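User: I am new to reading protein models. Can you take me through one, feature by feature?

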Amino acid sequence: MSSVSKGIKKVEVGLKWDPSPVGTPPHDLDIIAATYTADAPYDSPVYLVHFDSRAPDGTITLNRDSKTGQGFGFDEVMTLELDRLAATYARVVVGVAIQPHEGHKVFGDIPNTAVRIREGHRDLAQSDLSAVSGHTAATIVEFTRGESGAWSFREFLHGFEADPTSFAAVMGTEI
């Protein structure tokens, strides 16, 4: 079992929300992770992991992808094996975006949103996204590798008015 002082090794980011009312278009939220190198930690991401992809080396995977929010517990779950990421990677930013299938929705339009970041059985952070309720996308956490090679995290809740594609291009900007 690792502790924060020894660095974060493997984390799970979970997302949940309530389904839309019967007869209305579904709420579809997506977790997106972006990886950055040590020499360009705020440039364009090297690669993204989202609903139709995974990390080339298998270190970041989307285990569950919900298009409706139906189910019990966390409907969408991403696992990040930070301790297995190549040494060239020094930063990973994770965010949430709303798919704009039918009409404009913001997080405040979607009931009971929740994000949980955990290592093993220990919760590192939780949010209900109320701080970004007027936005369509948000960063939720940033993981950084220190000089010793150990990973740390910080909650990084920042809202954006962006669709998933444009959000992926700006989600790692320094704030």
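**Reading the model**

Analyst: Start with one residue. Asp-30 counts as buried because its relative accessibility is 2%; buried means under 20% relative accessible area, exposed over 50%, partly exposed in between, with a 1.4 Å probe and protein chains only. This is a predicted model: local features need pLDDT of at least 70, side-chain atom pairs count only at pLDDT 80 or more, and totals for chains, interfaces and linings use all residues. Residues are numbered from 1 along each chain as its sequence is written, and side-chain values use heavy atoms, without hydrogens and water.

User: In which strand does Asp-30 lie?

Analyst: Strands are DSSP runs of E, at least two residues; helices are runs of H or I, at least four; both are numbered from the N terminus. Asp-30 lies in strand S2, residues 29-37.

User: How many helices and strands are in the protein?

Analyst: One helix and ten strands. The order from the N terminus is β-β-β-β-β-β-β-β-β-β-α.

User: What share of the residues is buried?

Analyst: Of the 175 residues, 49% are buried.

User: How do I read the radius of gyration?

Analyst: It is taken over C-alpha atoms, and the globule rule is 2.2 Å times the number of residues to the power 0.38. For 175 residues, a compact globule would be near 16 Å; the protein has 15 Å, which agrees. Its C-alpha atoms fill a box of roughly 50 × 35 × 30 Å along the principal axes.

User: What about contacts?

Analyst: Contact means heavy atoms within 4.5 Å. Among contacts with a separation of 6 or more, 67% join residues 24 or more positions apart.
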